[in-house]
Amino acid sequence: MDVFSHSDFSINRHFQRSIRIDNDISKEFLEYFIFHDTGKKVLNQITNSLMNTNQCGFTLTGPYGTGKSSLALFLQALISDNVKIKKQAISKSKFNPKSNFAKIFLSKNKWFVLKMIGSKSDPIQAFAETIEQNVKQNWISKGIPPSLKTRVKPTVAGIIKSLTHLTQELSKKNYGLLIVADEMGKYLEYVSSVGSDLNLFQEIAENFSNLKLKKQGLPVFIGILHQPMEEYASNLGRSIQEDWQKVQGRFEDIPFSINSEETINLIAKAINRKKKVNTKIKNLSSAVVKHMNGSKPSSSLINTISQCHPLHPLVA
């Protein structure tokens, strides 16, 4: 039999579909989620900034398919009100209970989460609707505070006012506010197409930092992008791009790109096989690793590349 026959292999369906951050977090998702070093470094970087600065606005920027949305969903699992989900996520993360991450996200404080899925539509209207719907449907106690009962005006000022009140009311209950904007670039594409500006996002970043500085709550914004903000304004001219770049500067931008070994590990986990990897594949994997590294091959890397079969080790 040809060692690269495909008849005994299939792709794990959990790696075939894209993740939406508004999906319900399941035991199954956490079981198959791979919390690689890059993901852990990203969460630690956010945590350290929250611990040591007044920075509250962040963007994760990286190529499609690298796991940014999955990481955002995993973060939601870590702070979930569902005890079983949270316990499973913490076990997967292996975060030290005394770590900065635990102090910020796993402490006695709880979190109220607003999930945004970007689209080529007005982000101002989308934010107004999301705030209103979540407060009405998911408020943390029986009675909604008077300051949150009023309609959210679909203006920059109206949204900032509502987010300020929301942060302050949550703080009274020992809650933080987490906003996750997945596919944020689609909002930027819309803004670019109508020749508008990024005043909303600039105001969110500045307002959140001020609220933290004044100890009026802990609001956190995480936007997920595929390229820097100014690139979405490439058709508007250099001057506008520079303005958008300044807005990007209000956020701490965290590059998100997994390394080659993490990529190989993901590929290996995605492949189901009926039979064990044979010796010929292992020897071939060993030869490839040795040639690439120019030193004694890493047994763990050899094993991982072998698990990528039926892909040829050079392709993996």
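User: Are Phe29 and Phe33 buried or exposed?
Analyst: This is a predicted model, in which local features need pLDDT of at least 70 and side-chain atom pairs count only at pLDDT 80 or more, while totals for chains, interfaces and linings use all residues. Residues are numbered from 1 along each chain as its sequence is written, and side-chain values use heavy atoms, with hydrogens and water left out. The test is relative accessible area with a 1.4 Å probe on protein chains only (buried under 20%, exposed over 50%, partly exposed in between). By that test, Phe29 and Phe33 are both buried.

User: What kind of aromatic pair do Phe29 and Phe33 form?
Analyst: Phe, Tyr and Trp rings (the six-membered one for Trp) pair if their centres lie within 6.5 Å; planes under 30 degrees apart are stacked, over 60 edge-to-face, and the rest tilted. The structure holds 12 such pairs. Phe29 and Phe33 are 5.6 Å apart centre to centre, with 40° between the planes, and the pair is tilted.

User: What kind of aromatic pair do Phe95 and Phe101 form?
Analyst: The ring centres of Phe95 and Phe101 are 4.1 Å apart. The angle between their planes is 10°, and the pair is stacked.

User: Why does Phe95 count as buried, and why does Phe101?
Analyst: Phe95 counts as buried because its relative accessibility is 8%. Phe101 is buried because its relative accessible area is 1%.

User: Which residues form one aromatic cluster?
Analyst: The tilted pair of Phe29 and Phe33 and the stacked pair of Phe95 and Phe101 both belong to this cluster. Its members are Phe29, Phe33, Phe35, Phe74, Phe95, Phe101, Phe105 and Trp111.

User: Which residue does Lys40 lie over?
Analyst: For a charge to sit over a ring, NZ of Lys or CZ of Arg must be within 6 Å of the ring centre and within 35 degrees of the ring normal. Lys40 is 4.9 Å from the ring centre, over the face of Phe95.

User: Which residues line the largest cavity?
Analyst: On a 1 Å grid over the protein atoms alone, a cavity is a set of points where a 1.4 Å probe fits but cannot get out, and lining residues have an atom within 4 Å of a point. Those residues are Leu43, Ile46, Leu60, Lys68, Leu71, Ala72, Leu75 and Ile222.

User: Which helix gives the most to the lining of the largest cavity?
Analyst: Helices are DSSP runs (H or I, at least four residues), numbered from the N terminus. H2 (37–52) and H3 (68–78) each supply at least two residues of this lining. With 4 residues, the helix that gives the most is H3.

Key. 1 Å grid on protein atoms, 1.4 Å probe; cavity = no way out; pocket = protein on both sides within 12 Å on 5 of 7 lines; lining within 4 Å.
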